[in-house]
Amino acid sequence: MMFPWHKKAIEKLDKMIEQKLLPHALLISGVEKIGKFDFTLNLIQKLLCSDSSCNHCEICNALKNDDLLSDLDQSVSIRRSHYPNLIYCRTELNDSGSMSKDIRVDQIRAFCESLGKTADTLQIGVIFYADQMNNNAANSLLKTLEEPRENTLIILLAHNIDRLPTTILSRCQKIHINPTYDEESAKWLESQIDEGTRGDIDSMQLLESAHGVPHKALEDLNGDYFLQYQSWQNLLLEIALSPTKISETEIFTDHELDVLKCLQHLINEGIKIKTLKHDSANLYLNKVIEKASFNHLFNLLDDINRAISLSQTTVNIKLLLDNVMVVWSHITNLKKYPACLLYTSPSPRDRG
């Protein structure tokens, strides 16, 4: 199945295939749940099926029978497809019977050895997710990437390419699937919601709450995250318009990182509508953006991005959010942006 937000990536790949420029190694990246695995399976079907992914030939039926996302109850190095020249590598049970946290070097060695054999037809190896390889595993893969065999395609999937060595990155053609906020994706999302509840859900707002990841939006809808997100967003806008509301931020407790990401999205959306000079469907966001300075919005967005990065360290994330909230609560009448909001060494820039 092709998802609307995959269109640009598919067009890029189709052009490579049409011009016979498909590389020996592809790196398909994107945040979790953006559909990288489905995208990869569609690509494999397109390459192997002689009738444009017909879904009923011997090859298509073989690919359908691969159950690759389910955990096995025994230790294996790689998994073989029902199609003979296709193999997969992922985290698996180790010999002690527990699930590995990373892809091990012995798995990559078995993967490379299998691809090293001569094949009359295209052979494909898929690693998901390559950013789970440990250092030894990544180094073991490198030689195969440096000296690819003819008629072989290696596909690496990754949530975060920053976790991959530059030596791996430099030997792959990159395809990135971006988060989506367009109408077509929102309509797809709406079509996946039970008809009885569609009328009560704003699919675009649901998509925004999931940071542009439709499959995550559907998961959030099954729990209470969407309602939480709406309450955070509403309070953030109230705080910007009425600073005394900052006393009501107890609902942010234990959700500081999600709230930072919620505010990050609000400001990104605000900058966009301010730049394009059109109104948002959110009337309160329009009021905030109308009064806020462009420079202050960009400076605060920069600090929020840094705060999100710092949240991966031992820094006190509650303190980060509190500092951001102080500035956000005055964003509509701020005269001068604070010089050192996050109490870390700031990059040189204009804070005016």
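Reader: What is the accessible surface of the protein, and what share of it belongs to carbon and sulfur atoms?
Author: The values here are computed from a predicted model. The accessible surface of the protein comes to about 18,400 Å². The share belonging to carbon and sulfur atoms is 49%.

Reader: What percentage of the residues in the protein is buried?
Author: A residue is classed as buried when its relative accessible area is under 20%. The protein has 352 residues. Buried residues make up 46%.

Reader: Are the faces of strand β3 covered or uncovered?
Author: In a regular strand, side chains alternate between the two faces of the sheet. In strand β3 (residues 86-89), Leu 86 and Tyr 88 lie on one side, and Ile 87 and Cys 89 lie on the other. These four residues are all buried, so by the cut-off of under 20% relative accessible area both faces of β3 are covered.

Reader: Which residue of β3 is the bridge partner of Arg 79?
Author: Strand β2 (residues 79-80) runs antiparallel to β3, and 2 bridges join them. A hairpin through 5 residues connects β2 to β3. The bridge partner of Arg 79 in β3 is Tyr 88.

Reader: Which residue of β4 is the bridge partner of Cys 89?
Author: Strand β4 (residues 123-128) pairs with β3 in the parallel sense, over 4 bridges. Within β4, the partner of Cys 89 is Ile 127.

Reader: What is the handedness of the β-α-β unit that β3, helix α4 and β4 make?
Author: β3 and β4 are parallel, and helix α4 (residues 105-115) belongs to the unit together with these two strands. The β-α-β unit is right-handed.

Key: Residues numbered from 1 in each chain as written. Predicted model: local features only at pLDDT ≥ 70, side-chain atom pairs only at ≥ 80, totals over all residues. Heavy atoms only, no water. Buried < 20%, exposed > 50% of the residue type's maximum accessible area, 1.4 Å probe, protein only. Pairing = 2+ DSSP bridges. Right-handed = clockwise from strand over helix to strand, strands pointing away. Areas by Shrake-Rupley, 256 points an atom, 1.4 Å probe, with all protein chains shown as cover.
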